[in-house]
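Let's take a walk through this structure together, one step at a time. Have a look at it first, and then we'll get into how its parts meet.

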Amino acid sequence: MRALHILLSTLTGLISLGIVALGWLSVRHAFPASPILDHEILSGVPAHVVVSLTPFGGLFLCMLGIVGVLAAVYGMGYGLQYESRRYGVWLDVGLLGFVLSMAAVFVAANVFTFILAWELMSIVSYMLVVYDYHDRETVKSGLIYASMTQLGAAFLLTAFFILHAYTGSYEFAVFAKSAGAIPPVTRDLVFLSAFLGFAAKAGLMPFHIWLPRAHPAAPSHVSALMSGVMIKTALYGFLLVSVLWLRAPALWWGVLVAGAGAVSAFLGALHAGQEASLKRILAYSSIDNMGLLFLGAGMTLVELALRQPVLAGFALAATIYQAFNHAFFKSLLFQGAGAVLYATHAAPLNRLGGLIKTLPWTSIFIVGGLLSFSALPPGGGFVSEWMLFSAFARIGAAHLHSAVGAVTMLALVAFFATGALTVFSALRIFGIGFLADARSEEAATAREAPITMRISLAAGLLVIIAAGVWPPAAVNFIDNGLPQSLQFHAWRLWYGYNSHFSMWSIPILYTTVAAAAVLAGILPRLYLGRSRVTRVQTWTCGGERTPSMSYTAPGFSQPIRRVFHAAAIPFAIQYLYRPVWQLVVSTTTIFRRVQNGHVRAYLLYLFMTVLVLLVVAR
Amino acid sequence: MRGTVIAAAQILAIILLSPLLQGVIRKIKAIMQGRQGPAIWQPYRDLRKHWVKSTVLSVSSSWITSLGPYLVAGIMACAAATLPVATFSSDILIAGGSVFVLLYLLAGARFSLVLIGLDSGSAFAGMGASRDLLFAVMAEPTVFLALLAAGLTATPFALSGIGLPSEQHLGLFFSPQRVLAMVALFLIILAETGRLPVDNPDTHLELTMIHEGMTLELTGRHLALVTWGAYIRQVLWFTILIDVFFPWGVAQGTGVMGIALGFLLWAVKCLLLAFIVAFTESVSAKMRIFMVPRYLGFALLLAAAALLADTVL
């Protein structure tokens, strides 16, 4: 069984590598634009499977493949926990199916294929979420996830149906060509239903309620894939519909999307800073990051509406770059959280502490991931947030004297407040969870996770750094994958276009920081020699020190909670889900009177049915 | 070659003169309080004292405390290399003097500092860190809005481009939005440099510490580096304000005379600003911690008003 587990994980890893290669080639325009597969399943109904490799989909394939490889390697070690359940062989099968179905979403070229892949992805991920089905909470989380994802799919079908009604086709290629000619109000309908459908999958507020439940419940490498890639399928689909097909959007589309994104970003980050357990913090931060991505997408739409293709392309490239970086660091952090869970079996931050001494390797990987998470050098997150900021600021500068300038201003406020809140949650995770002394027996006796899990974490850290240390490569690559009309010719960014985005800025910046830090260490040592080190207890005003004297996670977030308490009211639950649920319950109580359990009543129903039939079918 | 020399001179000026600025501020405050106060060289003496002392580490601390202070110093030196001091020529600046890079480097220094603080497990550090981060949430958007309102829009978001309006008529230069933005930025600078009414730099009273709380467990060289970093941060913020709102005298090219004048005027302007800061500190009392968000919110509002003033007027 163990051999099978290793074999399946290896297979998933190899397939993911293949997906990376396919994505790379399609971004490089190695494939013809026509579908590479067109297979009719049933004649007479529109059940064709049509697959084509587009440059735009290729970008996302690359993202999926890289995270998939990491998840597969990680899964090898993670499966050891499930020794009693055949080393999690079914988990491996699910992982493989999950990767394949997501790949299918990115290559689908007609409605049937897309919806098929989309639903497969949802079903497989639902099964993976409830893999630990002995826990009642997990089952409940899975149920909420499944219902939200179906709600989203309903909106998507509406959007596709309207598109079909106006173009007379189910092919994406036809949508791309003629969806631009759909009359105004109908376009808005298509846009709105697509936005609602994809927002539910992306976990934008107020459709986020499934995300903080489902992501922590799943096994860690599945959470990594879900948070890293699956919710990006929503971004992919949304960009496909709004930017590639509908083109020439209305201004309010962009403002709506940017507004929803900004709200999600800020509130997601705020909640992430208040949660007690590691994986829930990461799940809320996924909401915050999806908010940022939709903020970027919204600004792209605004620029498209104002017919500024270069600015729009720049904003779009920045958004996709940020999506890549989020995929990488979120995958690393979820896997790291899994390694911590493996080692301590304790999720709340308050029961951890001191892990930097018991789990030295995991701590290094996590601190690297957290740097990119908080958009600080040297992770890729720093560069992509820099680009996003530049995109917003350029848009603001170009429209300072109109209402668009005010929208940009609000976007920037949300952007920076979110950034600072993210730094806060990162420091809370590491400062409370990993530094100082162990707060519990589990944390004190923690031992490192299996080697394959650590290899995956190390590789994840390398990917994060590689994505940020040489941005020209990444940005040129993304620029290649954009639709022709939006390519902003990234090379102009690196050569002379302006001085602050020169090709070498980032490497020079990192080298300077490193060199200055080394100098600050070496110079005093040369002149004054090594300093004598004594070790004593941390000062506690004279008392005996215990680990519980360190600041706690709730204490650390108390000032922010107190200042922003008005924003933390559960609006979604209170004003959206509960009223709807109560409506459902009250209508069903009315209909329940029909089912009263009396035999006589049922006989009466039968008699009346027969009477009606006799009258009607006479 | 000349560019490299000027860049090095700018960095060294910021790094080497930063303790002096702190000494001057303390001296002015002392005089205003009717004390004689220590000499303006006292910060240098303090730093030397820290340098030669041995290091006392907490048993709870890890490599974060051993490496962190050097990283803080490195980040601060690099941040000093992104700011125009004597000349607005942006070729000699790292990342072309991008404001985003500068402020995220400062955020990186804060990140390291908070980790160093929490590493010892001291409760004072946790308290200081969580308050500092709360203020950051409100301060960061304000800084960017204020800079955007002040005219950063015309150029690729580098302070080096902002000097150009100095040719304008004074009334045009100090338009309503610029004045609003300046006040907003000044309020933020008081908060970011840990001054009254937000933080009290002179106290080690447990419950009021913010920055001092995080450095409480540091000793010897680590303390010297982190303290020096705080002095540098103060000069950096002063220089931002000077570059944006008082750019007169900063050279446009790299001519020797212009650079010399630029350095001289920069020093004078820093001293003037030091006087203003010392004055405001002497006449204001420390706020309760949960009043500070209102103060920062006011600054944010001013910055937003500055941006809107452009549309309305």
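Predicted model: local features only at pLDDT ≥ 70, side-chain atom pairs only at ≥ 80, totals over all residues.

Domain 1 of chain A brings 37 residues to it, and domain 2 of chain A brings 40 residues. Put together, these two domains bury about 3,300 Å² between them, with 75% of that on carbon and sulfur atoms. On the domain 1 side, A:Leu70, A:Tyr74 and A:Met205 lose the most area to domain 2 of chain A, and together they make up 20% of what that side buries.

What about polar links? Between domain 1 and domain 2 of chain A there are 12 residue pairs in polar contact, counting pairs with both residues at pLDDT 80 or more. The number of salt bridges between the two is zero.

Finally, look at which pieces of domain 1 of chain A do the touching. Helices α1 (2–27), α2 (55–78), α8 (211–217) and α9 (220–245) of chain A each supply at least two residues to the side facing domain 2 of chain A. The largest share, 14 residues, comes from α2(A). Sorted by class, that side of domain 1 of chain A has 25 nonpolar residues, 11 polar and one charged.

Key:
Residues numbered from 1 in each chain as written. Chains lettered and ligands numbered in written order. Heavy atoms only, no water. Contact = heavy atoms within 4.5 Å. Buried area = accessible area lost by both parts, 1.4 Å probe. Salt bridge = Lys/Arg side-chain N within 4 Å of Asp/Glu carboxyl O. Polar contact = N/O pair within 3.5 Å; in protein donor to acceptor, adjacent residues only side chain to side chain. Helix = DSSP H or I, 4+ residues; strand = E, 2+ residues; numbered from the N terminus. Nonpolar A, V, L, I, M, F, W, Y, C, P; charged D, E, K, R; others polar.
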